[in-house]
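Look over the sequence and the fold first.

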Amino acid sequence: MKTRTLLSLSALSLVSVIALTGCASGTAEADSPENDVIRIATLPTGDDPMAVNPIEALGKLITAKTGMEVEITDAPDYLGVVEAVRSDHVDMALMSAFPSALAVNTGEVDALMTWPGSSDPVSKCYVLADSPIQSVEDLKGKTIGFADPGSSSGFFMPVHLLDSVGLERDVDYETMFTGGHDRSAVAVKEKQIDAACTATMLTTMWGSDYFPFEEGDVRFIGESIPMDVSMAVIASQEISSAKRAALLDALPQVFSEDNADQLGVYAETGMLSNEPTLEPGADAFDSLVKVAAVAGVDISDLK
């Protein structure tokens, strides 16, 4: 490990200006001492102040496999991470599917590798068992609860589902952001909304705070498409060929079951049990880009 730095607001602004004006680092940088350092941008793992960010452990594992030092830069949000990669302020970043898709879709960031998503639907929409609503199409003119405007399973994917049956957001149905998947469930239970759409994995947690129903209390009326990609490593297009080759060789070994304890929350994403696709084309993210377009998602909306 080398150093850990914070991408300040002023630095972020400078990075953004550089990116927006189309300037790029020169080829002279390829011969600089920095070529022996792998620079990674990261952001907080969540709102829990007690959660341990495994980025330091990831850096040590990468150093062990590549022999290169790792420098970590903390960014305030996804936009900061993507701008840092796009402007070659850092070499790479590990991100979830939607921000990676939007970053690669700019044409100014490469996908170094991706991990496949599940074949299961990401989201399901449901109503109370005694509701007259029988299908997603019946939600026209109704109020639907969504977890959060930055939620993949609690907003983007359900909006795409509704669009697929001809229901346009804020035209054919009323959108209500409840503030969380659990709050959507409570709103359905108390009949404050007609239906809710939530993460499929939560719909099996009968009787829990996330899904406070008993089996038979609700009916599922529709489900979203699966997500083709779960996680991705995006990379600067200015990264040296030596660092690119080293990362392509090392990262599949780093993200293995042998390192599950060190990788913490990264191990919970399903990455360790799946082989990554190396250097996928931008078309790997096509389905996610389409979902984002339908939901009107910008990368600054993502959390």
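Strand S2 gives the most to the lining of the largest cavity, with three residues. This is a predicted model, in which local features need pLDDT of at least 70, side-chain atom pairs count only at pLDDT 80 or more, and totals for chains, interfaces and linings use all residues. Residues are numbered from 1 along each chain as its sequence is written, and side-chain values use heavy atoms, with hydrogens and water left out.

Stay with the cavity. A cavity here is a set of points, on a 1 Å grid over the protein atoms alone, where a 1.4 Å probe fits but cannot get out; lining residues have an atom within 4 Å of a point. Grid points are joined across faces, edges and corners, and a volume is the space filled by probe spheres set on the points. Searching the whole structure turns up one cavity of 30 Å³ or more. The volume of the largest cavity is about 40 Å³. Its lining consists of Ile-40, Ala-41, Thr-42, Ile-55, Leu-58, Leu-94 and Tyr-266. Helices (H or I, at least four residues) and strands (E, at least two) are DSSP runs, numbered from the N terminus. By type, the lining has six nonpolar residues, one polar and no charged. Nonpolar covers Ala, Val, Leu, Ile, Met, Phe, Trp, Tyr, Cys and Pro; charged covers Asp, Glu, Lys and Arg; the others, Gly among them, are polar.

Now turn to S2 itself. Six of the six residues of S2 (residues 37-42) are buried, so the strand is largely enclosed by the rest of the structure. Buried means under 20% relative accessible area, exposed over 50%, and partly exposed in between (1.4 Å probe, protein chains only). Both faces are covered. Val-37, Arg-39 and Ala-41 are buried on one side, and Ile-38, Ile-40 and Thr-42 on the other.

Which strands pair with S2? Strand S3 (residues 69-74) runs parallel to S2, over six bridges. Arg-39 has Glu-71 as its bridge partner in S3. Strand S4 (residues 92-96) is also parallel to S2, joined by two bridges. There, Ala-41 is partnered by Ala-93. Two strands pair if DSSP finds at least two bridges between them.

A further sheet is open and holds five strands, in the order S8-S7-S9-S6-S10, with mixed pairing. Strands S8 (174-177) and S10 (218-223) stand at the edges with a single partner strand each, so one side of each has no neighbour in the sheet. From one strand to the next, the twist averages 30 degrees. Angles run from 0 to 180 degrees between N-to-C directions, with axes fitted as lines to C-alpha atoms, for helices over the stretch in contact. Within this sheet, S6 (residues 123-128) and S9 (residues 195-199) are antiparallel over four bridges.

The structure holds one disulfide (a pair of cysteine sulfur atoms within 2.5 Å). Cys-125 and Cys-197 form it, with their sulfur atoms 2.1 Å apart. Cys-125 lies in S6 and Cys-197 in S9, so the pair ties together parts 72 residues apart in sequence. The S-S torsion is about 100 degrees, so the disulfide is right-handed. Cys-125 is buried at 0% relative accessible area. Cys-197 is buried too, at 0%.

Last, a loop residue. Asp-170 sits in the loop between helix H5 (152-164) and S8. Its phi is near 65 degrees, a positive value in a residue other than glycine. Asp-170 is exposed, at 53% relative accessibility.

Methods: 1 Å grid on protein atoms, 1.4 Å probe; cavity = no way out; pocket = protein on both sides within 12 Å on 5 of 7 lines; lining within 4 Å.
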